[in-house]
Amino acid sequence: MSTRTWGARKPQRRRTATAAAVATAAVLLAGCGGDADKASVPEGWGTLETGSLSVGYPKSEGYAEQPAAERAKANAAVALKEEDGIRTGMVSVQLDFATGVRDAAGAAAAAGAGIGLNSTRKATEDVRLAGPEDAPEAREARRIDYDFTADGQEDTPNRGTPMTGVLVAGVDSKGAPFVVRLNAVKDAVDPEDLDAFVGSITVK
């Protein structure tokens, strides 16, 4: 199953003060790191739980966790949105996905190599995630933002549809590498939501 779809284009919406405050709190957590063991998840979002990390997804917008029996073997957790038989949205988590990786830089290099030849990197930055205070190395991660075009395979948007994505890669407190991905039709998810997604990750 492709890991490259997020959501269909949606109209611009007016944010409520409450939603904006929640998103801002999540962004601050991602940017500053803080000392919190648990990340904030925006109101209306659900949470994917795995042995290495948890991450939020926009349940209120129609995304639902995919049953374990239906998801690809490589994925430890997935949230999908389907519209008229097309998978218009996807959040995915992969654990222990590469060998010989011992830190965030190595995990990001391995994950970045898999975003495809039809992708263009826009930015790469170090981020500090929520997690155990006694394992600071597990809280260090790397974020990669990129654009790509849909391939139209496996019930994804039409071939050539402009897409955008963000991945966060690192290692958990046991030293196992992880990568979390969010992908979207270009401009369907605003920058605040992308930041809130990154800020919703808690490493275990």
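Modeller: We will go through the strands and then the nonpolar core. Keep in mind that this is a predicted model.

Colleague: What is the order of the strands in the open sheet?

Modeller: The seven strands are ordered β3-β4-β5-β9-β8-β7-β6, and the pairing is antiparallel. Because β3 and β6 (120-128) each have a single partner strand, they stand at the edges, and one side of each has no neighbour in the sheet.

Colleague: How many bridges join β4 to strand β5?

Modeller: Seven bridges link β4 to β5 (residues 86-95), and the two run antiparallel.

Colleague: Which strand pairs with β5 over six bridges?

Modeller: That is β9 (residues 177-185), again in the antiparallel sense. There, V179 is the bridge partner of Q94.

Colleague: Which residues touch the most other members of the largest nonpolar core?

Modeller: First the general idea: nonpolar side chains tend to be buried together in soluble globular proteins. Here the largest core has 28 residues, and L48, V55, V93, L129, V168, V180 and F197 touch the most other members. Elements giving two or more residues to this core include β2 (53-57), β8 (162-171) and α4 (191-199). A second, separate core has 17 residues, among them Y146, V171, V179 and V185.

Colleague: Leaving aside neighbours within four places in sequence, what is V168 in contact with?

Modeller: Its contacts beyond those neighbours include V127, L129, F178, V180 and I201.

Notes: Residues numbered from 1 in each chain as written. Predicted model: local features only at pLDDT ≥ 70, side-chain atom pairs only at ≥ 80, totals over all residues. Heavy atoms only, no water. Pairing = 2+ DSSP bridges. Helix = DSSP H or I, 4+ residues; strand = E, 2+ residues; numbered from the N terminus. Core = buried A, V, L, I, M, F, W, Y, C linked by side-chain atoms within 4.5 Å. Buried < 20%, exposed > 50% of the residue type's maximum accessible area, 1.4 Å probe, protein only. Contact = heavy atoms within 4.5 Å.
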